[in-house]
Amino acid sequence: MGPGRGLNMKFAIALESVVNEKWHLARQMGLEDAVAISHPDGEKALWDYAFCARLKKSYEDFGLNLSVIEGWLPMEAIKQGTPEREAELERVLKAIENLGALEIPVLCYNWMAFFGWFRTSVTTRTRGGALTSSFDLALTENAPESRQLRITEDKLWDNLSWFLERAVPVAEKAGVKLALHPDDPPRSPVMGVPRLFCNVENFDRALGMIESEANGICFCQGNFAAMGVDVPATIKHFGNKSVMHFVHFRDVEGNGDKFTETFHDVGKTDMFQAMLAYRDVGYKGVMRPDHAPAMEGDPNTHPGYEARGRLFAIGYMIGLREGVESYRRVNTG
């Protein structure tokens, strides 16, 4: 490809932290970056420096840069504000310091209390019989939990402020960027639990709590699409503030109350315009596909993270990237 700011964009794939078929496929697709999402030894090891060092080296020995740690750290007491949060915070801060010492630049976390990613189906049929995930709020309304308020929005905001005040300075010193993921599904409440990060305004509020390069977001594109926003315009909104530290490139049909995850070429978002927006704001971080449908031959034991659907996704993304570079060369002379 010719010159252009978009060339700084790095595609990656989320990999379980043990070598398997997906590692080989990642390298065969030309990927050089990886996102670590799980490890058989458990989440608690991240505050062990020796473990972190071995983890990073295992990716490097395979020809991959470990660029993001995502979803590993237990933070439930911090989110809920229970007495155990001090002990949790100590481990989180140690993990941030370890990542900084090892030059692992991004830690992705979420602020979903009591439970995280939530779907009412992981066997929804889509094109050609592929299996995808979906959410239907109506299927949760009779659950006993849905009739109980387990925490208030004000308490969630207070606890987030408490966390950021302590974590952001440590992340700044370590050279680590904290990337806050949207709530998934992006609506409030879900099963009796308020959700904060299901609109742009609340992200702006969180970013304004402590203005720092270390305090940023994971732009999970499918969640923002389900919020009903103009996705390319929202990419520019955050991209021009230099707060997008990590991107999930995916799409949905529907809205926060009822949606289905789609193949990358059939959702509600203009994916070319989205990729063009990342290019035009000069996004330099890691972008990975997320929640791709399980295709024929995929076991669907890890819904959204099987091999074949993400092969399609990466190829589609590479094509889009080449397309936007060509488009900009032609249209800027």
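Predicted model: local features only at pLDDT ≥ 70, side-chain atom pairs only at ≥ 80, totals over all residues.

Q: Which element gives the largest share of the lining of the largest pocket?
A: The largest pocket holds about 780 Å³ of space, and 30 residues line it, with E70, G71, N110, W117 and Y305 nearest its centre. Three elements each supply at least two lining residues: β2 (33–38), α3 (76–80) and β4 (106–110). The largest share is 4 residues, and it comes from β4.

Q: How many charged residues are in the lining of the second largest pocket?
A: This pocket has about 350 Å³ of space. Of its 18 lining residues, K177, M244, H245, K284 and G285 sit closest to the centre, and the elements giving two or more residues are α8 (231–239) and β9 (244–249). Sorted by class, the lining comes to 8 nonpolar, 6 polar and, for charged residues, 4.

Q: Why are the buried residues of α8 on the same side?
A: The buried residues in question are V231, P232, T234, I235, F238 and G239. They end up on the same side of α8 because the arc they cover around the axis is only 160 degrees. An α-helix has 3.6 residues a turn, so residues three or four places apart point the same way. For α8, then, the value to remember is that arc of only 160 degrees.

Q: At the start of α8, which residue's backbone nitrogen does a side-chain oxygen of D230 reach?
A: Look at the start of α8, where D230 brings in a side-chain oxygen. That oxygen comes to within 3.0 Å of a backbone nitrogen, the one belonging to A233.

Q: What is the volume of the largest cavity?
A: There are 2 cavities of 30 Å³ or more in the structure. The largest has a lining that includes W117, E261 and H291, and strand β6 (residues 131–136) gives the largest share of that lining, 3 residues. Its volume is about 70 Å³.

Technical notes:
Residues numbered from 1 in each chain as written. Heavy atoms only, no water. 1 Å grid on protein atoms, 1.4 Å probe; cavity = no way out; pocket = protein on both sides within 12 Å on 5 of 7 lines; lining within 4 Å. Points joined across faces, edges and corners; volume = space filled by probe spheres on them. Nonpolar A, V, L, I, M, F, W, Y, C, P; charged D, E, K, R; others polar. Buried < 20%, exposed > 50% of the residue type's maximum accessible area, 1.4 Å probe, protein only. Arc of directions from axis to C-beta. Polar contact = N/O pair within 3.5 Å; in protein donor to acceptor, adjacent residues only side chain to side chain.
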